[in-house]
Structures are given as C-alpha cells and as structure tokens.
Amino acid sequence: MVVIKLEDCDSPEPLKNVGYLDVRQKNFYHLLTQTLRSDCLPRSSESISSGLSSVLSSRTNLSNGQLLATVTGKIKGQWKATLVFDSDGTVPTPLSCHGINVNYNEYANILNTILEDPDIQSCLSWQFTIKPFIVICILIVIWTIAFLLVIFLLIDAPKSSALPIRLSVFLFPLVLLLAGYSVRKMQKQQCATIALQMLKKCVHINQLLYQLDRPVLLTASHNEGHKFFINFIYFDIGDCVANIHSYLDELHSDESEKLMALIEFYTMDAFYLTQGTLAERIVVMLAAPYSLQLLHRLLLKPHHEHHISGHMCLCQYTEEFTATYFASIKTAGGTAMLSSLFSKYLNCSLRKNSMHTVREILRIDERH
Ligand SMILES: [Zn+2]
C-alpha cells in the first residue's frame, strides 16, 4: 500500500501513521519507484492484509532493546573525503513496518542530518584522502634517487665529509615510517571524534523521534576499519519516563534546576525537548549513550528487571546517572566524580582544564 497525496488534505485516521508521498514533490516519480521496489510493500493479497494489519495495528513481536536496522557509513573520496552511507534510499523494512512507521521523509531526514552536520564535515580532512599517500610516494622516489647518488657518487669520498650525507640518507626511511604511522594515528583520532559527533547528533534525533511518537532509539558507533554505524533500536520508553517521573518528584527545585543546566550543557541546546517534562528530557537525552552501551553489552546486569529483559533498563540507567550527578555535586572532590560521570554515562570526556568552566555552567557551588 502506498498512500499518495494529490492535494492538501488531512489523512484519514487509520492512515495517519503510514506516511505518504506527495505528487507535488520534485522527485515524486523517483520516490514512487523506490517505494514500489522496496521489500516492505506487500506483494500478494494475503500479504496485503497481513502487511496492512502490521502497519495499522500496534507494535507486536518486538521487545525493548531489539536492534531493528543498522546503516553503515564509510569515508570515501580521493581528493575530498566524504562520508557515504550504504543506503539505497529506501527505509529498512523493520523501520517502516510493525507499527513503527518511520516514513521515507523521516528516514532520509535522519541520514541527511548526520551527513550534513558541519562538525562531522570538519573532521573529514586530508588524512582520509589519497594526498598523504602521494606525498609519501614522492618522498620514496626522492629517497631512492638520493640513495643511488650516495652509492655511486660518494663511493670514493673521504669518510669524514660524506658521513653526514650518508647517515641522513640511510636514516630517511625511518622518517617515512614515522610519517606513515602518524597519519594512521591521526585517522584513528579523527574517526573517534566523528563517532562522538554522530552520537551527539543521535541525541538530537532521538528528541525528534520521541516527538513523532516513534518507538525507536538512535545511536552511533564505529569500528577500527573507519566504518561507522547508525543503529536503530526498538524501545518504547513510555514506562521508563513514567518511572523517572515519580523518581524525580522527590527532587528539590534547586536540584531540578541543576539537572536542567546539565541537559542544556550536554545537548548544547537550551530548548532541548522543553515542551516535555524533566523526566522526558533526561530519559530522551540519555537514550543515545544508553543504547550504545546496550549494543556493546557494557551495562551491568540489574538486580531487578524493568522494561527490558536481561539488561539494565533505560530508567535504571537514568536513575543511576541522576544519583551519581547529585553525589558528585554534594561531595568534596566531586570534580573527578563529575568527569567520570561524563565518560561513564554520557560517553564523552571532559578536559581537565575545562572542569572549572563546566562547574560554573552547571552552577555547582565551588565550596564543594
Ligand atoms: Zn525502564
């Protein structure tokens, strides 16, 4: 089933969450062909009815924490490095079906937000292009010529005058090796930064997914081979939010303010989900780093299972995070605690020399 809008109108109730194509869109025919080719369209009358019911009925057969889809990104380009996702443009079937209903526009929007992020773009520098390789090749050629010259021209030269030249020519390969090594190291660092920026973007996209009522959490990871992964994880966070809501009820007003300052600091957005409650804001903010740890199985097994089987739940993670945050504010020497809080729960490290500013932004009393 493909819903096509011919003119502006309200979608009928049962089709509200299905998503639609608009005839007036510039690339309408391209989108239509892609949608028709994608696997999530039912092909037979039997599958039409089951497909329809899976689209229209509630989310079935899915449990919290289940990985729905992964999009792989790679850095490509000879002269200019660019990040490319191996996506054929269609929404992965598990995301468009099962009552999750991520539509084409939302999906394309998610990938584009990550691809076009200026912070990620600025990390894609010359290290990933063919340039360092060419420079090293040229240096090897020069070195070979120098080596041959030393062998043939300086063969009869007196030892004392030729020694510095010989020594520098013979030691040059070491310099090349070092250059190659440092380019690799830079690439590794740059990749880690890109992955971090992607995670930050996911924090913002999770806000959007929550507002659209999609039971999906987004997180980003990377591996040694310069590959990046955007992971879509099924998670209905309604129960977790309710849990945290009652947990935060016991906070004093100045504690809530400190929590809000932390949200603003981490998301770098004063309006991060401001139309939601504090519980919604903190749970949605923690969703991306939480899912990353869930994916890498870094979370400890909890004593009590909450809304996910076998793992620590997002609400337990949030509770722990909040408790640790307040403990780091209230205890002496809390700076080290605060910095470990950021690396453990938010997957980002704070620089030592920036700790004073961080405490100032978070309005933490300096007497502690
Ligand atoms: Zn929970």
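A residue is called buried here if 20 or more other C-beta atoms lie within 10 Å of its own, exposed if 12 or fewer do, and partly exposed in between, with C-beta atoms placed from the backbone. By that count Glu106 comes out partly exposed, as 19 other C-beta atoms sit within 10 Å. The model is a predicted one, so local features need pLDDT of at least 70 and side-chain atom pairs count only at pLDDT 80 or more, while totals for chains, interfaces and linings use all residues. Residue numbers start from 1 along each chain as its sequence is written.

Glu106 belongs to helix H4; helices (H or I, at least four residues) and strands (E, at least two) are DSSP runs, numbered from the N terminus. Asn101, in the loop between helix H3 (93–96) and helix H4 (104–115), has phi near 60°, a positive value in a residue other than glycine. Asn101 counts as buried, with 22 C-beta neighbours inside 10 Å.

Met268 has a positive phi too, about 55°, and is not a glycine either. This residue is found in the loop between helix H9 (253–267) and H10. Its surroundings are another matter: Met268 has 10 C-beta neighbours inside 10 Å and so counts as exposed.

On to the domains. The chain splits into domain 1 (56–124 + 190–234) and domain 2 (238–361), with bounds that come from an automatic or database domain assignment. Taken over C-alpha atoms, the centres of domain 1 and domain 2 are 22 Å apart. Across the boundary, 17 residues of domain 1 are in contact with 18 residues of domain 2, where contact means that the C-beta atoms of two residues, placed from the backbone, lie within 7 Å. On the domain 1 side, the elements giving two or more residues are helix H7 (159–211), strand S5 (216–222) and strand S6 (227–234). H7 gives the most, with eight residues. Sorted by class, that side of domain 1 has eight nonpolar, nine polar and no charged residues. For this sorting, Ala, Val, Leu, Ile, Met, Phe, Trp, Tyr, Cys and Pro count as nonpolar, Asp, Glu, Lys and Arg as charged, and the others, Gly among them, as polar.

H10 (278–295) and H11 pack at an angle of about 105°, and their axes are 10 Å apart. Axes here are lines fitted to C-alpha atoms, for helices over the stretch in contact, and angles run from 0 to 180 degrees between N-to-C directions. H10 and H11 are therefore roughly perpendicular to each other (angles under 35 degrees count as roughly parallel, over 145 as roughly antiparallel, 65 to 115 as roughly perpendicular and the rest as oblique). From H10, the residues Ile282, Val283, Leu286, Ala287 and Tyr290 meet Leu314, Tyr317, Thr318, Phe321 and Thr322 of H11. This contact has eight nonpolar, two polar and no charged residues.

The loop between H10 and H11 holds Pro302, which is partly exposed, with 15 other C-beta atoms within 10 Å. Setting aside neighbours within four places in sequence, Pro302 is in contact with Met312 and Gln316. Pro302 and Leu154, by contrast, are 148 residues apart in sequence and 73 Å apart in space, C-alpha to C-alpha.

The next pair is H11 (residues 314–330) and H12 (residues 334–345), whose axes come within 8 Å and cross at roughly 160°. That makes H11 roughly antiparallel to H12. The contact involves Phe321, Thr324, Tyr325, Ala327, Ser328 and Ile329 on H11, and Gly334, Met337, Leu338, Leu341 and Tyr345 on H12. By class, the residues of this contact divide into eight nonpolar, three polar and no charged.

Ser349 counts as exposed, with 11 C-beta neighbours inside 10 Å. Neighbours within four places in sequence aside, Ser349 is in contact with Phe342 and Ser343. The C-alpha atoms of Ser349 and Ser339, 10 residues apart along the chain, are separated by 6.9 Å.
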